[in-house]
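Hi,

Here is the structure I promised to pass on. Have a look at it first, and then read my notes below.

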Amino acid sequence: MTPSSCVADRKYIRNRTDSFVADMKLRVAPYAAVIVVFVLIWAISHDYVRIRQRARDVLGMESAAQFKLKFQSITPPPQCNLSKNCPPDHFAIHMQSGAANVVGPKICFDGKIIMSHVLNNVGPGLNIVVVNSENGAVDRCGYLNMKDGVPEDILAYLKEIKPGEIVIVASFDDATTKMTKEMREIFVGMGSALIESVRYRDNWVFAGRGGAASRSSFEKRSANDDASNLYDGWPVAVEVGGCFPRSS
């Protein structure tokens with residue numbers, strides 16, 4: 001082989017090598033591009049999943065807060081102007097005595113005003129509501145005229161109250177003129193601890209139960225006392241409210 005031909009062969013080999021490298025670059029370039037695109041897609045999708053999960057967490061927290069806020073917003077307000085809602089096995093009650101002989105008493109039961117001066121269904125003496133403790137239905141209501149009523153009729157009405165029935169009472173004007181010892185004993189049997197001390201023009205509110213075995217905590221009395229009377233000859237009005245149990 002002559003030197004010239006050797007040089008020519010080297011040139012030929014170099015040209016073939018350069019051609020092969022160029023060809024490989026052309027062949028590899030699309031794959032490299034695909035790999036780059038794949039890596040970019042993976043990176044973007046990974047960030048997307050992470051961002052999406054974070055968004056779900058945030059939205060989930062917001063949704064929970066919104067649900068709680070919505071739930072709280074639709075919770076009904078306490079009945080009978082109490083400070084809190086009563087549990088399912090209790091009734092909301094509130095009773096207020098009359099003020100002197102001018103403003104009549106008010107009795108609220110289970111969220112409804114049963115008797116009041118505005119309803120024009122109250123009167124002097126004992127304003128009384130009798131409730132079926134099983135279903136919460138008001139069996140009867142009215143006022144026992146303790147000033148001009150017939151004692152025998154008042155006593156008969158009280159004796160009709162059955163064991164277990166809820167009795168809510170609010171006085172107006174005077175509750176003792178026609179009051180007898182037997183009437184007081186009936187209220188004692190309903191759980192009253194103060195009825196025996198109620199005197200002329202005292203204000204008295206009470207909630208008890210027919211045939212009660214224990215003293216009621218729903219009772220208050222305001223004594224007619226010249227030294228403490230709010231009005232001329234009349235004591236301050238009294239009121240009691242709370243959650244009264246359905247059963248004894």
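Which side chain meets Asp-202 in a salt bridge? That would be Arg-221, at 2.9 Å from N to O. By salt bridge I mean a side-chain nitrogen of Lys or Arg within 4 Å of a carboxyl oxygen of Asp or Glu.

Before the rest, the ground rules. This is a predicted model, in which local features need pLDDT of at least 70 and side-chain atom pairs count only at pLDDT 80 or more, while totals for chains, interfaces and linings use all residues. Residues are numbered from 1 along each chain as its sequence is written, and side-chain values use heavy atoms, with hydrogens and water left out.

Salt bridges

There are five salt bridges by that rule. Back to the pair above: Arg-221 lies in strand E8 and Asp-202 in the loop between H3 and E7, so parts 19 residues apart in sequence are tied together. Helices (H or I, at least four residues) and strands (E, at least two) are DSSP runs, numbered from the N terminus. Asp-202 is buried at 2% relative accessible area, whereas Arg-221 is partly exposed at 32%. The cut-offs here are under 20% for buried, over 50% for exposed and partly exposed in between, with a 1.4 Å probe and protein chains only.

Another of the salt bridges joins Lys-147 and Asp-173, again 2.9 Å from N to O. Lys-147 is in the loop between E5 and H2 and Asp-173 in the loop between E6 and H3, 26 residues apart. Here Asp-173 is buried at 10% and Lys-147 is partly exposed at 32%.

Then there is Arg-140 with Glu-165, whose closest N and O atoms are 3.8 Å apart. Arg-140 sits in strand E5 and Glu-165 in the loop between H2 and E6, so this pair ties together parts 25 residues apart in sequence. Arg-140 also has its charged end over the ring of Tyr-157, 5.7 Å from the centre. For that label, NZ of Lys or CZ of Arg has to be within 6 Å of the ring centre and within 35 degrees of the ring normal. Arg-201 lies over the face of Trp-234 at 3.8 Å from the ring centre.

The sheet

Five strands make an open, antiparallel sheet in the order E5-E4-E6-E7-E8; two strands pair if DSSP finds at least two bridges between them. E5 (138-144) and E8 (219-222) are the edge strands, each with a single partner, so one side of each has no neighbour in the sheet. Within the sheet, E4 (residues 125-131) and E6 (residues 166-172) are joined by seven bridges, and Ile-128 has Val-169 in E6 as its bridge partner.

Aromatics

I have five aromatic pairs in the structure. Rings of Phe, Tyr and Trp (its six-membered ring) pair if their centres lie within 6.5 Å; planes under 30 degrees apart are stacked, over 60 edge-to-face and the rest tilted. Phe-187 and Trp-204 are edge-to-face, 5.4 Å centre to centre with 85 degrees between the planes. Phe-187 is in helix H3 (residues 181-188) and Trp-204 in strand E7 (residues 203-209), 17 residues apart. Trp-204 and Phe-206 have ring centres 5.6 Å apart and planes at 5 degrees, so that pair is stacked. Phe-187 and Trp-204 are both buried, and Phe-206 is buried at 0% relative accessibility.

Cheers
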